[in-house]
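The sequence and model come first.

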Amino acid sequence: MHTSHLSLEITYRATPALAVTLNCRLSYRTDDPLAVTLVLDTDGERPVRWVFGRDLLAEGMTCASGGGEVTLWPAPGDEEGPSVLCLRVGDARTALFELPVAPVADWLADTYALVPAGSELDGTDWD
């Protein structure tokens, strides 16, 4: 099993006027090749863990993606593209986070180097 991790600071939008910086960690494991794990507030007393599809994250880098408990979309950017990826988690009660696009895109590319798209289920024993 191989893993890839990314630790970074993200913004929690508590209200449109109140932004809080949190440390988070994205993780990918080759023994669970379809999923990524996001741990929010890694320095806090009660970190929150979300697991969602790697393909959902990849799609959310370029257009609105997801539904239900995890939704991602790129924030409007300049001519070079968006600099922020928006992430909304939760169903009845939601939280909105902003992640920097560049390090997430680089990390996501690393996960595809570990397990290329379309090969996630290669080697699965269906019996």
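Strand S3 gives the most to the lining of the largest pocket, with four residues. The model is predicted: local features need pLDDT of at least 70, side-chain atom pairs count only at pLDDT 80 or more, and totals for chains, interfaces and linings use all residues. Residues are numbered from 1 along each chain as its sequence is written, and side-chain values use heavy atoms, with hydrogens and water left out.

Pocket

- The largest pocket holds about 170 Å³ of space.
- A pocket is an open set of points on a 1 Å grid over the protein atoms alone, where a 1.4 Å probe fits, with protein on both sides within 12 Å along at least five of seven lines; lining residues have an atom within 4 Å of a point.
- Two or more lining residues come from each of strand S2 (18-29), strand S3 (35-40) and strand S4 (48-53); strands (E, at least two residues) are DSSP runs, numbered from the N terminus.
- Among the lining residues are His5, Tyr28, Asp32, Val36 and Arg49.

Aromatic pair

- The structure holds one aromatic pair, where ring centres must lie within 6.5 Å.
- The ring centres of Tyr12 and Phe97 are 5.3 Å apart and the planes are at 35°, so the pair is tilted (stacked is under 30 degrees, edge-to-face over 60, tilted the rest).
- Tyr12 in strand S1 (residues 3-15) and Phe97 in strand S8 (residues 95-100) are 85 residues apart in the chain.

Methods:
Rings of Phe, Tyr and Trp (its six-membered ring) pair if their centres lie within 6.5 Å; planes under 30 degrees apart count as stacked, over 60 as edge-to-face and the rest as tilted. Grid points are joined across faces, edges and corners, and a volume is the space filled by probe spheres set on the points.
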